[in-house]
Amino acid sequence: MPLTADEPGAPCWLSLAARDLGAAEVFYGAVLGWTFRHGPLGHGFAVGERDGMPVAGIGEVADRMSVPVAWTVYFAVADADAAVARIRERGGTVGVGPVAYPPRGRAALATDLEGAAFGVWEGRVSSRWRIGEHHAPAWLELRTRNAFDAALFYGGVLNWVNGTEDAPQRFEVAYEDDQVVLRRQGAAVARLNSGPAEAASPQPQLRPRWLVHFRVPDLERAKTAVLDLGGHLVPEADHGWPAPEGRRTAVRDPQGGLFTLDEWVED
């Protein structure tokens with residue numbers, strides 16, 4: 001059963017920092033079948049939807065904020081200030097925020113112990129946003145040097161295991177198939193993998209990161225669209241991680257955003 005995002009500790013949103021919003025809309029519309037709507041944040045931000053369901057946000061902010069083009073995973077928190085304090089206490093780095101986004105809430109951007117970027121969000125979230133449903137995103141994966149250390153970090157920051165009055169033991173963390181898997185009511189929310197991740201690597205795909213897996217009904221057609229629109233397929237030899245089961249490929253969009261395509265066939 002897919003997990004709703006309207007609870008502390010759960011992934012609640014995805015956002016791409018892009019240089020050219022229009023070009024990003026063309027690319028992700030063709031590759032993932034998204035349509036786009038522009039909301040209260042202005043013409044520099046759009047929400048991608050699939051079958052009328054919100055999937056992710058794309059903001060034309062990479063150049064303005066001097067940040068790399070990349071996907072960021074946001075986790076819901078009850079109190080952004082408290083979450084930021086926990087990040088710092090556990091050795092993470094807070095780069096931005098908390099910043100207010102009236103009237104919905106407040107956000108902060110941070111990096112974990114190995115340099116993987118993530119965000120925290122306090123406020124209203126879309127109750128229709130899901131991890132694991134067929135439209136996307138399929139699942140989230142942290143690629144890091146030590147998944148156990150990462151699980152301790154995120155578990156402490158997001159209260160995954162110990163729980164609080166706001167989030168009393170809502171998640172289970174288990175070691176499965178060489179991964180640390182975060183589950184809620186039996187459904188996998190995120191997977192943390194140990195591997196050849198190096199913060200100083202000259203290859204961006206080898207740096208610690210949260211990787212987003214998007215489902216597509218036809219992998220070959222999606223790969224063709226990636227190449228036709230100026231994106232790149234990332235061979236296994238270039239990202240250094242074991243080949244996953246099933247039909248799956250890593251992709252870099254024309255502006256540099258890294259993600260993965262997973263083939264999904266409707267029953």
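Biologist: Where is Val96 found?
Modeller: Val96 sits in strand 7, residues 93-101. Strands (E, at least two residues) and helices (H or I, at least four) are DSSP runs, numbered from the N terminus. One caveat: this is a predicted model, where local features need pLDDT of at least 70 and side-chain atom pairs count only at pLDDT 80 or more, while totals for chains, interfaces and linings use all residues. Residues are numbered from 1 along each chain as its sequence is written, and side-chain values use heavy atoms, with hydrogens and water left out.

Biologist: Got it. Why does Val96 count as partly exposed?
Modeller: Because its relative accessibility is 31%. Buried means under 20% relative accessible area, exposed over 50%, and partly exposed in between, with a 1.4 Å probe and protein chains only.

Biologist: And the chain overall, how many helices and strands?
Modeller: Five helices and 18 strands. The protein chain has 267 residues, and 49% of them count as buried.

Biologist: Switching to pairing: which way do strand 8 and strand 9 run, parallel or antiparallel?
Modeller: Antiparallel, with seven bridges joining strand 8 (residues 105-111) to strand 9. Two strands pair if DSSP finds at least two bridges between them. Arg106, for instance, has Glu122 in strand 9 as its bridge partner.

Biologist: What's in the hairpin of those two?
Modeller: Five residues lie between strand 8 and strand 9, and in that hairpin Gly115 takes a positive phi near 100 degrees.

Biologist: How many bridges join strand 6 to strand 9?
Modeller: Three, and there strand 6 (residues 70-76) and strand 9 (residues 117-123) run parallel. Tyr74 stands opposite Gly119 in strand 9.

Biologist: New topic, Leu211: buried or exposed?
Modeller: Leu211 counts as buried, because its relative accessibility is 2%. You'll find Leu211 in strand 15, residues 209-216.

Biologist: What is Leu211 in contact with?
Modeller: Leaving aside neighbours within four places in sequence, the contacts of Leu211 (heavy atoms within 4.5 Å) include Trp139, Arg143 and Phe259. Also, Leu211 and Leu142 are 69 residues apart in sequence but 6.1 Å apart in space, C-alpha to C-alpha.

Biologist: Where is Arg143, then?
Modeller: Arg143 is in strand 11, residues 139-144. Arg143 counts as buried too, because its relative accessibility is 13%.
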